[in-house]
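Hi,

Here is the structure I promised to pass on. Have a look at it first, then read my notes below.

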Amino acid sequence: MTSGAALALLVTLAAAPAASRAQAGQSAEERFRSLPPEKQEELRRRYRELQQLPADERQRIKDNVARLNRMTPDEQARVDENYRRFLGMPPEQRQQVLQQWQRFRSLSPQEREQLRESLRRVMGAQPDQRRQILENMDRWQRMTPEQREEARQRFREQRQERRQDRQEQRRERKQEQGERQRRH
């Protein structure tokens, strides 16, 4: 099974808490038996697909479903809504989301946390600032590697100039303080 299919399976399993909340009090077997035959067959098929995944992938899915079940009702509602939006996307857009997700998962834990923090800063910014940040990100994405390196170099030079300016300002303030102290 492809990792995209595994993610689709996880997304399907993620929808399960919403259904199980609606049938609270019933055992898993009772809920399964109350499903229409086509839903039962779909679950059987998905179960077989799940069993064909490598053990580590199955464990990751199990952990994610457990995490989903520990969420508050509001968090679960957001997951449900995101799932519905995902299903409403055109297939090529869904594929793009899955590819982006795979890229994200390939990052180290530190890189993922840095990306999350950047996202929090963007989302927490004022609308005008957010628009400017997103425009800058878009511009960066369209640059060639050479253009990016040139931009990094300009940024390093500007940062060095700012440091030198601050050092000069500190020296000037120290001199002014020394002169004031000599006068008094």
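Let's start with Met137, which is partly exposed, with a relative accessible area of 45%. In this predicted model, you can find Met137 in helix α8, which covers residues 127-142. Met137 also belongs to a nonpolar patch on the surface, together with Ile133 and Leu134. Between them, these residues have about 250 Å² of accessible area.

Now step back to the whole chain. How many helices and strands does the chain have? There are nine helices and zero strands, so if you read along the sequence with the helix definition in mind you get α-α-α-α-α-α-α-α-α. Of the 184 residues, 15% are buried. The chain exposes about 14,800 Å², and 50% of that comes from carbon and sulfur atoms. If you take the contacts with a separation of 6 or more, residues 24 or more positions apart account for 46% of them.

A word on confidence before you go further. The mean pLDDT of the chain is 85, with 86% of the residues at 70 or more.

Next, the aromatic rings. The count comes to one aromatic pair. The ring centres of Trp101 and Phe104 are 5.7 Å apart and their planes are at 25°, so this pair is stacked; the cut-off for stacking is under 30 degrees. Both Trp101 and Phe104 sit in helix α6 (residues 91-106), three residues apart, which is about one turn of the helix. Are these two buried or exposed? Trp101 is partly exposed at 33% relative accessible area, whereas Phe104 counts as buried because its relative accessibility is 17% and the limit for buried is under 20%.

Then there are the charges. Side chains of opposite charge can pair when their charged atoms come close. In the whole structure, a search finds 18 salt bridges. Here are some to click on:

- Glu42 and Arg46 meet through their side chains in a salt bridge of 3.3 Å, N to O. They are four residues apart in helix α3 (residues 37-52), so about one helical turn separates them. Glu42 is partly exposed, with a relative accessible area of 26%, but Arg46 counts as buried at 18% relative accessibility.
- Arg85 and Glu81 make a salt bridge too, at 3.7 Å, N to O. Both lie in helix α5 (residues 73-88), four residues apart, again about one turn of the helix. Glu81 is partly exposed, at 35% relative accessible area.
- Glu168 pairs with Arg171 in a salt bridge whose closest N and O atoms are 3.0 Å apart. Glu168 and Arg171 are three residues apart in helix α9, so about one helical turn lies between them. Glu168 counts as partly exposed at 34% relative accessibility, and Arg171 is partly exposed as well, with a relative accessible area of 46%.

Some salt bridges also share partners: Glu113, Arg116, Glu117 and Arg120 are joined into one network in this way.

Cheers

Terms used: Residues are numbered from 1 along each chain as its sequence is written. This is a predicted model: local features need pLDDT of at least 70, side-chain atom pairs count only at pLDDT 80 or more; totals for chains, interfaces and linings use all residues. Side-chain values use heavy atoms; hydrogens and water are left out. Rings of Phe, Tyr and Trp (its six-membered ring) pair if their centres lie within 6.5 Å; planes under 30 degrees apart count as stacked, over 60 as edge-to-face and the rest as tilted. Helices (H or I, at least four residues) and strands (E, at least two) are DSSP runs, numbered from the N terminus. Buried means under 20% relative accessible area, exposed over 50%, partly exposed in between (1.4 Å probe, protein chains only). Patches are made of residues with over 30% relative accessible area and no salt bridge: like charges are joined within 9 Å, nonpolar side chains (Val, Leu, Ile, Met, Phe, Trp, Tyr) within 5 Å. Accessible areas come from the Shrake-Rupley method with a 1.4 Å probe; for residues, only the protein chains shown count as cover. A salt bridge is a side-chain nitrogen of Lys or Arg within 4 Å of a carboxyl oxygen of Asp or Glu. Contact means heavy atoms within 4.5 Å. pLDDT is the predictor's confidence in each residue, from 0 to 100.
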